[in-house]
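Open the structure in your viewer and keep the selection tool at hand. The stops below move from the whole chain to single pairs of side chains.

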Amino acid sequence: MNKEINRIIANVFLVLGLLTLNFSCVRNRNLKELAEHLRVKNNIPGMAVAVVRADTIPEIFVLGHRRGGHPDKVQLDDLFHIGSNTKAMTAFAAAHLVEQGIIDWSSRFFDLYPDWKNEIDSSHWDVKLGGLLSHRAKIKPYWTEEEFDSLELIPINLGTKSERRRAFSKYVLTQPPTIPDSIGYRYSNAGYSIAAQMLEKASDMTWEELLLKVFNNDLNLGIGFSWPNKVDENQPWGHWTEDGQLSTCPPDDDYNLDFLEPGGDVHISLPSYCKFIQLQLQGLSGRDNYLKSSTYDLLHNDRKNSVYAYGWANFVQDDYNYSWHAGSAGTFLTKVFIDKTASVAYIVMMNTNSPEAWNLETELREKMEDLYGGSEN
C-alpha cells in the first residue's frame with residue numbers, strides 16, 4: 001500500500017424582497033441540483049460545496065455519503081482532508097510569526113540551524129523562508145514514486161513527528177538543488193517541510209502545536225491532521241481509484257504523511273474552511289483581521305510572475321485576478337478558487353481524487369462563476 005500511496009501522492013421590500021428571495025432560491029436549487037446530478041454521474045461518494053464572500057456565504061451544502069456503499073450521509077460539519085491546501089495554512093501561520101517579529105520572510109535556514117551548515121549541500125546555504133513558501137528555493141519536489149522510494153534508505157521513521165520531519169529535511173538538503181523552470185519556480189512538498197523546521201525553531205513549538213494554536217485556539221476552526229476517519233470512523237472515508245474502480249480507505253490503512261504534513265495533511269469542516277477563506281477575502285479587500293491586510297496582499301500576490309505567492313497559486317485571465325489551490329493526498333480532493341477581482345470564492349470538497357472528481361469540480365465551478373461572478377448582488 002505504501003508504494004500505491006506514494007504513486008498516488010506523486011501523481012471551494014416587500015415585492016422586491018420576495019422577488020430577490022425567490023431568485024436566490026432558484027439559484028440555490030439550480031446549483032444544488034446540478035451538483036447532485038454531477039455527483040451521481042461521476043460516481044462521487046460525497047461532496048461539500050460553498051460560494052463565499054467576505055461577510056456572507058451565499059451557498060453552502062453537502063451531498064452524498066460518507067463512504068461508498070454505506071447509507072450514512074455527509075453532514076455539514078463533517079471533516080474533509082484538504083491535501084496541499086494545507087500549504088496556505090502553513091504560510092498563514094508563518095505570516096502570524098512574521099507580524100510578531102519572531103521570524104522574517106528573508107530569514108535564512110542556516111541562521112536558525114547553523115550547526116547543519118557543513119552537513120548539507122552548499123547550494124542550499126542561502127535558502128530563505130520566503131523562497132521555501134513560494135517554491136523558489138530549488139528544493140526537490142517529493143511527489144514522484146522514485147523520490148519516495150529513495151526514502152526507504154534513510155532513517156526517517158524514528159522518534160516524534162517533528163524528529164522524523166527534521167531527519168527528512170536534513171536528507172533533502174543533502175541533495176543537489178533541483179533545476180527550476182525558466183521563471184525560477186518548482187513546486188516542492190519538501191520545501192514546506194523545511195519551512196516548518198524554521199517555524200518550529202523560531203516559535204519553540206512543533207508545527208502541529210503552532211497550527212493548533214493559530215487555527216483552533218485563536219480562530220476556533222477545529223482543524224486536525226491525517227484522514228478524518230482516523231480520528232472518528234464515522235467521519236467521511238477517502239477513496240482510492242484502482243483500475244477505474246473506487247475503493248474505500250479504512251482507518252487502519254497504512255497511511256503516513258508525517259514528514260510532509262506541513263504541505264498536505266490537514267482536515268477541516270466546510271463551514272470552518274469557509275471562515276478561513278473569508279479571512280482571506282476580508283484581508284484582500286483592505287481590512288485587517290487576524291493578519292494585516294498588507295500581509296494578505298503578500299500571501300496572495302506573486303510579485304514576480306503571477307505563478308505562486310505564499311501558499312497560494314496565482315493566475316490572471318480575462319482581466320480577472322485569481323488565487324487558487326488544489327489539494328489531494330490521493331483519497332480526497334479539495335479545490336478553492338478566490339476571484340480577487342470580484343471578491344468571491346468557490347469551494348468544492350470530495351472524498352475521492354478520481355479523474356471524474358477533477359472534471360466535476362471544473363464544470364461545477366464554471367456554473368458557480370456564472371451565478372456569482374462579478375459584483376455582489
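What percentage of the residues of the protein chain count as buried? Of 377 residues, 56% do, where buried means under 20% relative accessible area, exposed over 50%, and partly exposed in between (1.4 Å probe, protein chains only). This is a predicted model, in which local features need pLDDT of at least 70, side-chain atom pairs count only at pLDDT 80 or more, and totals for chains, interfaces and linings use all residues. Residues are numbered from 1 along each chain as its sequence is written, and side-chain values use heavy atoms, with hydrogens and water left out.

**Whole chain**

Now switch to a surface. The chain exposes about 15,900 Å², and carbon and sulfur atoms supply 50% of that area (Shrake-Rupley method, 1.4 Å probe; for residues, only the protein chains shown count as cover).

**Salt bridges**

The whole structure holds 17 salt bridges, each a side-chain nitrogen of Lys or Arg within 4 Å of a carboxyl oxygen of Asp or Glu. Three of them follow.

*Stop one.* Select aspartate 126 and arginine 108, whose side chains form a salt bridge at 3.7 Å, N to O. Aspartate 126 sits in the loop between α4 (109-112) and α5 (129-133), and arginine 108 in the loop between α3 (86-99) and α4, so the pair ties together parts 18 residues apart in sequence. Aspartate 126 is partly exposed at 45% relative accessible area, and arginine 108 is partly exposed at 28%.

*Stop two.* Select arginine 136 and aspartate 302, a salt bridge of 2.8 Å, N to O. Arginine 136 is in the loop between α5 and α6 (145-150), while aspartate 302 is in the loop between α13 (293-300) and β8 (313-317), so this contact ties together parts 166 residues apart in sequence. Arginine 136 is buried, with 14% relative accessibility; aspartate 302 is buried, with 14%.

*Stop three.* Select lysine 161 and glutamate 261, which meet in a salt bridge at 3.1 Å, N to O. The pair links distant parts of the chain, 100 residues apart: lysine 161 belongs to helix α7 (residues 161-174) and glutamate 261 to helix α11 (residues 261-264). Is each side of this pair buried or partly exposed? Lysine 161 is partly exposed at 30%, whereas glutamate 261 is buried at 0%.

Key
Helix = DSSP H or I, 4+ residues; strand = E, 2+ residues; numbered from the N terminus.
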